[in-house]
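I set down here what I looked up in this structure, entry by entry. The overall figures come before the individual residues.

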Amino acid sequence: MHNLPENIKNALKPYYKEGEKPDVFPAKFSFKGELYYYFTFAPAEEQLILRNDGSAPFFEEIKEGALLANNFNTCIEKFVHIGAPWAVANRKGNYENYQDILNKIERKLGPFPEDVQKAYHVVKQVPGIIIENQRQILEAVKKADELWLIRSQEELVTDQDEALMESYFVEMIQAQVRQNDIQIKTEKERKKISEFVSSKKGFLNLTAIILSLRLKPFEKNMFSSNHEHADEWGEFSKLVLTGNRKAEEVKDHYKVFNKLRNPKS
């Protein structure tokens, strides 16, 4: 805020109330050939868009630009608060460990009965799928971070940048959904493998005991039908992986419009 030209600071004053704290997005937005400032107000969580000369465009004129600015800003917030923790989570190491456990189960407790063999064939695909999607999450977060670093240095964001940031966000969310999806879809087979290993613990089979203990954290923490969101998972995963995200966003446009302080007429 302290870097804003005085005419912009003065133009902003009529639009915020006593006790509110305005903030400005640290880059201008380019929309239909014009440059705009994007302001937010705390604690009201409302927004205002001003032209580069300090004038306030009417709501109908700028509502599309408001969607662009809001979505770019929202994607950044989600990358910071959701994507970054996902990216640094040690899923790669955890599921390399899971792969090692499965390999030892096959090598030291095999050959399997036919039903266990079928279950094992399904479950052995899980670590690789989760590790690959973890790589995609990390790449999406890196690309978003790089885009934001460049645009914040240039102090300019375009509609093409918003489309790119949106695409990175979708990549990240879809990869996370695929990680959970493979876990809940293989729950029955994973349970069969765990039961088989437990059944081998008799006669003080130390190998089976150790492998069973190593499986316990995965049995507890992997996404399953006991999860609080499991009932809605099928519909949610289908929407994320195959649905029209833009069409879904249209349903929420009113939330952005209702918080825009630009004059209506």
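**Charge and overall form**

I counted 39 positive and 40 negative side chains in the protein chain, and the centres of the two sets lie 7 Å apart. Lys and Arg were taken as positive and Asp and Glu as negative, with His and the chain ends not counted; each charge was placed at NZ of Lys, CZ of Arg, CG of Asp or CD of Glu.

I note that this is a predicted model, in which local features need pLDDT of at least 70 and side-chain atom pairs count only at pLDDT 80 or more, while totals for chains, interfaces and linings use all residues. Residues are numbered from 1 along each chain as its sequence is written, and side-chain values use heavy atoms, with hydrogens and water left out.

I found 11 helices and 5 strands in the protein chain; these are DSSP runs numbered from the N terminus (helices H or I, at least four residues; strands E, at least two). I looked up the C-alpha spans along the principal axes, which are about 85 × 35 × 30 Å. The radius of gyration is 25 Å, whereas a compact globule of 265 residues would have one near 18 Å; the value is taken over C-alpha atoms, and the globule rule is 2.2 Å times the number of residues to the power 0.38.

**Arg 151**

I located Arg 151 in helix 5 (residues 126-154). Its side chain joins that of Glu 154 in a polar contact of 2.8 Å (a pair of N or O atoms within 3.5 Å, one able to donate a hydrogen and the other to accept it; residues adjacent in sequence count only if both atoms are side-chain atoms). Leaving aside residues up to four places away in sequence, Arg 151 touches Ala 27, Leu 156, Val 157 and Asp 161, a contact being heavy atoms within 4.5 Å.

**Two cis bonds**

I recorded a cis peptide bond from Ala 42 to Pro 43, with omega near 5°. Pro 43 lies in the loop between strand 3 (34-42) and strand 4. The bond from Gly 110 to Pro 111 is also cis, with omega near 0°, and Pro 111 sits in the loop between helix 3 (91-109) and helix 4 (114-123).

**Positive phi**

I looked up Glu 45, which lies in the loop between strand 3 and strand 4. Its phi is positive, about 60°, although Glu 45 is not a glycine. Glu 45 counts as exposed because its relative accessible area is 52%, the classes being buried under 20%, exposed over 50% and partly exposed in between (1.4 Å probe, protein chains only).
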